[in-house]
Amino acid sequence: MNSTRIAARAESASKIYGSGENEVRALDNVSVSFERGKFSAIMGPSGSGKSTLMHCIAGLDSLTQGKVFIGETDLSELSDKEITKLRREKVGFVFQSFNLIPTLSAYENITLPLSLGKKSGDEAWIKQVIDTISLNDRLEHRPSELSGGQQQRVAVARALATQPEIIFADEPTGNLDSKSGSDILKFMRRAVTDLKQTILMVTHDAVSASYADRIVFLADGHVAGEMLEPTPEKVLDYLKHLGE
Amino acid sequence: MFRLSLKMTLARKGRLLLTSLAIILGTSFLSGTSIFSATINSTFDRLFTDIFREVDAYVRSTNSVDTGFGEQRASSPVSALETILKVSGVSAAVGDMQSYARVIGKDGKPLGEDQGPPTFGGIASSSAAGLWNVETGRLPVGPKEMMLDRATSEAGKFVIGDTVRVNALTGTREFSLVGIANYGDISSPGGATFALFDQPTASEFLLKPGFVDAFLVQGDGTLSDEELAKAINAKLLRSDKLETLTGAQITEETTSQIKKVLGFFTTFLTAFSFIALGVGCFVIYNVFSITAAQRQRESALLRALGASRRQVTNSLIIEAVIVGVLGSILGFIAGIGLSQALSALLNAIGLEIPTTGLTINTSAIVSTVLVGTVITTLSAILPALRSGRVPPLAAMRETALDTVTGLGRRVRIGVLFLVVGVVGLLAAANGAKVIFLGLGVLAVFAGVLVLGPAISRPVAMLLGKPISKIRGVTGVMSQQNAARNPKRTARTAAPVLIGVALVTAFTALAASIKGEIRETIGSSFRGDYALSVDSRGFGGIPTIITDKIDQLPEVATATGVGFIAAKVGDESPFILVFNPKTAKGLYDLEMIEGRQSSLGKNEILIEQDKSIKKKLPVGSSVQVTLIDGRTMQLKVAGTYKNAYGNYAVSRELFEGSTTPLFDSFVYISTVEGVSDENARKTISAISSDIGIGTLESRNEYIDSQAAQVNQILALIYGLLFLSVIIAIVGIIITLLLSVFERRHEIGLLRAVGMTRSQVRTMIRWESVITSLFGAVTGVLLGIVTGVVIVISLNESGIRGFTLPITSTIFILIGSFIIGVIAAVFPAWRATRTNIISSIASN
């Protein structure tokens, strides 16, 4: 596989909590890579290690053993300061909740990673992103004046603003009604297809996962399998078998 | 419910600790002050009980003047001693003296300091009634011999056989040291120095031949002390004007006099401890308000599970009582340490008060714990009621930001307070009673504090503007965070506001007093040099030294100014004593009517306002009684406007009096053509010979006199320091709670690329904005208060208001630093926020 096509990967990644009898292997020797320009999803039941895997690849958490890379950068070799800078410049985040700073306006939230790095960013790009989320008239509003769906759209725009190597989305529709949820998913899909961005999403919802190009299934800290061009039916069917 | 509250209280150790910290600080000063007062009181009790241990009766003059700062009493004729000794029941009696005498060390410098413990001269006697025991050597006999107390002999490295120079009222003499003495079992009571002579030498050298201060009498055991005193009284000559007290009475009286003076001081300390407590109240109230808001979900859950409003409210109040008791007990313990710190502070600024041991009264413990618990509980009532009002549904909602509700009502109440305050201040400025000033200041403070939450948001936004410009989005977030909870910001800034306002007001007042001193001295003193002594009402520059300086060939004129207690009409003030013959062109009272230089022996000058107030115009006469009991009618010969005393008399008035007369200042003009070096050399040859006084040029003297205000200012700063500490702790606590409350936000910021140092910057500037909000409003309030105090004290001699610009700048810089310091720990905590748990957990 050509390495320049890989946005992020894990090599023999293990994450162990506790020791001895209480030892919990959240990740057990996981090797997986995610392609640039694709919408990937990680699925698995609660406790399968899907969130841990994402946190470790994103540099929010550190591995017990193994390595993770963003592009060609080995995160295990970086200091906290360097990882912070990497998160700011090469990585975008969309969380389930607590996505926005309540004291900043929608626009300030979108440009936050750029402002933190004292960069102005690519203005044409930011304008394009904002146009895509169609929140032009609400940019000066505070998060508390936006609906849940609008807040998540701002969060996705923020993740896109720096044109990162990869965007991590952790259950981005978990707190939304199905209409707003599907809006966000469509919007993420468009970011990948039209804007050539890379997204890695963690979800346990088959419908959400079906928006992805590829799904990696995790169970008990292992990669249990993967699926290309998923549909909700195929995913549900697979999950049914995975449970057996 | 009580068990549940107890459990919930103990489960939150961090919150418990923070709340207790505020209470500990608030109450520690209170307990520190009461322990300190009790300790000085018992020290003096013990000291005087020791001193008068062997004394069964005490004979003294009936003539005295009580100025309100201690009593001054006339001397007694030695001739009465024989009468006393003849009284049956008396086994021994001896003259006692505690006059001014200063031992000059081998290096030519006097022992003891101008502002230190007193330097005494006294009588050494073989009589069993005497207080001194010979340790080595023998008693002094005749005009050439003396004895020293052991501590002084050691300090001066004097041994028996040495020649010792001593300065006293009648000049400087040399004596041969023949003995070393102990005072009972003590080597030197209270750090004072003692030079001891036989009675005739002591009287002649220290006071006046044939006179002593009083007599100490010992009984033979046949009579009770009361009977002994009565028997002596019956035999005393009426013309001698003497009275007899029992040993217990004189101990009691001396102690209570000292306590009265110390009483002013402890009241002063207590006032500052209540300021600290008030400041602490704000911190406690703030902590309860924030934690009540943070536990809103917990309260709502309790309500949803069936707890009544009352139960939810009570659970918070129970928590407050528990924390209050705990905190005040710890505060009391901290107060023990603080009482030592108070002693150290007073020593450091030169107000030495002897304290031995540590006296802790049960009442001090009880009152501290009671006050601490009550204020804690009161501070918790409002937040507790608010908690009770939380609807059960809030359990399901996100924690809401706290918003200012009823802004209109708040503004109305605040403005009402302000108006009342301003009316009070205006009344005070126009001559109403001082109480109006106090209430006015209080009402203005209350008004500002009530208005705080209404103005904190705009002011914080304004103060944060430059920071958001410099620091970009990090600064914007600091600015927004400082402004997002206006109530919280206002409550956090309130202790800073109070502290800064008081510091500013006192600094402004001090600057005005300094300005006034400069002007008063500047316009009254016209000479080239001044010799001054800060004697605290004991001793000074003997007038014969003044005359000696006057006679120097290099000196054109030297004139002395002293102060002495006297009864004038119905008052007992210190009156100004000067020499009209030499004062001309050197010391100018700025006469309005009459002439200063022609003031006669039977005349008096009165300060103009006083003359109007007391209805004593020029030409009228007033009755004056001196300490020695001499009463005379003095004619008012003129009025003046510029001096420290309200009455001025000629020093001729004291000729032939047993009252020792000292000058506090000697003003000197030199003969033209005498060099500075030469003038200083010849004058200080005399002044250093007597071992006291500071010789300064006119400018130096004016500077140093004005700088005396700094000592009191330093004391006030020292006492306000604790309030400042409480303010800092208040900011720390608030920031810690805010950091905890915003952990999701901080986690998110870290996730999207905020570095640890940016997190620290964000918290630091929020802290600085909060602190500056308090400081800026405090400085404004302080200046207003200062102006009003100066205006209303106009009559007491302060005329102009001086704005202390540099001090104000320093105060603002100081508040900035306070903000930075207070942020250190909370900022560190914020950088330790775990990103995953604060974001992922919901």
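Colleague: Which residues are buried in helix 1 of chain A?

Modeller: Lys50(A), Ser51(A), Thr52(A), Leu53(A), Met54(A), His55(A), Cys56(A) and Ile57(A). Buried means 20 or more other C-beta atoms within 10 Å of the residue's own; 12 or fewer is exposed, in between is partly exposed, and C-beta atoms are placed from the backbone. Helices are DSSP runs of H or I, at least four residues; strands are runs of E, at least two; both are numbered from the N terminus.

Colleague: And how do I read the numbering and the confidence?

Modeller: Residues count from 1 along each chain as its sequence is written, and chains are lettered from A and ligands numbered from 1 in the order in which they are written. The model is predicted, so local features need pLDDT of at least 70 and side-chain atom pairs count only at pLDDT 80 or more, while totals for chains, interfaces and linings use all residues.

Colleague: Why is helix 1 of chain A called largely enclosed?

Modeller: Because 8 of its 8 residues, 50-57, are buried. After helix 1 of chain A comes Gly59(A), with a positive phi near 80°.

Colleague: What about the sheet in chain A? What's the strand order?

Modeller: It runs 6-7-8-3-9-10, an open sheet of 6 strands with mixed pairing. Two strands pair if DSSP finds at least two bridges between them. The edges are strand 6 (91-94) and strand 10 (222-228) of chain A, each pairing on one side only. From one strand to the next, the twist averages 20°.

Colleague: How do strands 3 and 8 of chain A pair, parallel or antiparallel?

Modeller: Parallel, over 4 bridges, between residues 39-43 and residues 199-202. Ile42(A) sits opposite Val202(A) of strand 8 there.

Colleague: Which helix packs on that sheet?

Modeller: Helix 6 of chain A, residues 148-161, which touches strand 6 and strand 7 (166-170) of chain A. Its direction makes about 175° with that of strand 6 of chain A. Axes are lines fitted to C-alpha atoms, for helices over the stretch in contact, and angles run from 0 to 180 degrees between N-to-C directions. Contact means C-beta atoms, placed from the backbone, within 7 Å.

Colleague: Switching to chain B. How many helices and strands?

Modeller: Chain B has 22 helices and 28 strands. Of its 842 residues, 51% are buried. The C-alpha atoms fill a box of roughly 95 × 65 × 50 Å along the principal axes.

Colleague: Is strand 6 of chain B mostly covered or uncovered?

Modeller: Mostly covered: 6 of its 6 residues, 99-104, are buried. Strand 6 of chain B pairs antiparallel with strand 7 (119-123) over 2 bridges, and antiparallel with strand 10 (163-168) over 4 bridges. Ser99(B) has Gly121(B) of strand 7 as its bridge partner. Val103(B) is opposite Val166(B) of strand 10.

Colleague: Last topic, the interface. How many residues of chain B are in contact with chain A?

Modeller: 22 residues of chain B, against 24 residues of chain A. Helix 12 of chain B gives the most on the chain B side, with 6 residues.

Colleague: What classes make up that chain B side?

Modeller: It has 11 nonpolar, 8 polar and 3 charged residues. Ala, Val, Leu, Ile, Met, Phe, Trp, Tyr, Cys and Pro count as nonpolar; Asp, Glu, Lys and Arg as charged; the others, Gly among them, as polar.

Note on methods:
Contact = placed C-beta atoms within 7 Å.
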